[in-house]
Amino acid sequence: MRHYEIILMVHPDKSDKISHIIEFYSNMIKSKKGVIHRLEDWGQRSLSYTINKLKKAHYVLMNIEISIQYMQDLENDFKFNINIIRYLILLCNEAFKEKSPMLQTQEYIKKESISIKNNQNQVIIK
């Protein structure tokens, strides 16, 4: 069994069905005796350049452990799924289980924006 990191770029019109897409691939990996170490939904983000006249995509990150033959089946499914506009598969030496820097940054920005809002709502009385 090998470790892989997969990034999927899903068509932005299918963002409301992203949970079904994630569930489908999770079940597919588990049925092939694979293990999902990390699964993150990064949400809809702007693209650097247009792809098929699209300016945004919904990003999903998965770190999995699966055999080579089943990974080829999974890659074949990514290739012919019309909902996935791009995908990237990387071979890793070990399983990554901690949060990705992308998700950590998003959480930090949310936390900072909440603290700024709280500071704006405070009234200073002298």
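With which side chain does the side chain of Glu-65 make a polar contact? The partner is the side chain of His-37, at 3.0 Å; a polar contact is a pair of N or O atoms within 3.5 Å, where within protein one atom must be able to donate a hydrogen and the other to accept it, and residues adjacent in sequence count only if both atoms are side-chain atoms. The structure is a predicted model, in which local features need pLDDT of at least 70 and side-chain atom pairs count only at pLDDT 80 or more, while totals for chains, interfaces and linings use all residues. Residues are numbered from 1 along each chain as its sequence is written, and side-chain values use heavy atoms, with hydrogens and water left out.

Glu-65 lies in strand β3. Beyond its neighbours within four places in sequence, Glu-65 is in contact (heavy atoms within 4.5 Å) with Met-1, Arg-2, His-3, Gly-34, Val-35 and His-37.

Strand β1 spans residues 2-10, and eight of its nine residues are buried, that is, under 20% relative accessible area with a 1.4 Å probe and protein chains only. Helices (H or I, at least four residues) and strands (E, at least two) are DSSP runs numbered from the N terminus, and two strands pair if DSSP finds at least two bridges between them. β1 runs antiparallel to β3 (residues 54-66), to which nine bridges join it; Met-9 has Tyr-59 of β3 as its bridge partner. Eight bridges join β1 to β4 (residues 84-92), also in antiparallel orientation, and here Glu-5 is partnered by Leu-90.

Glu-5 also takes part in a salt bridge with Arg-38, at 3.1 Å from N to O. One salt bridge is found in the whole structure, the criterion being a side-chain nitrogen of Lys or Arg within 4 Å of a carboxyl oxygen of Asp or Glu. The two residues are 33 residues apart and link distant parts of the chain, Glu-5 being in β1 and Arg-38 in β2 (residues 35-51). Both Glu-5 and Arg-38 are buried.

Notes
Buried means under 20% relative accessible area, exposed over 50%, partly exposed in between (1.4 Å probe, protein chains only).
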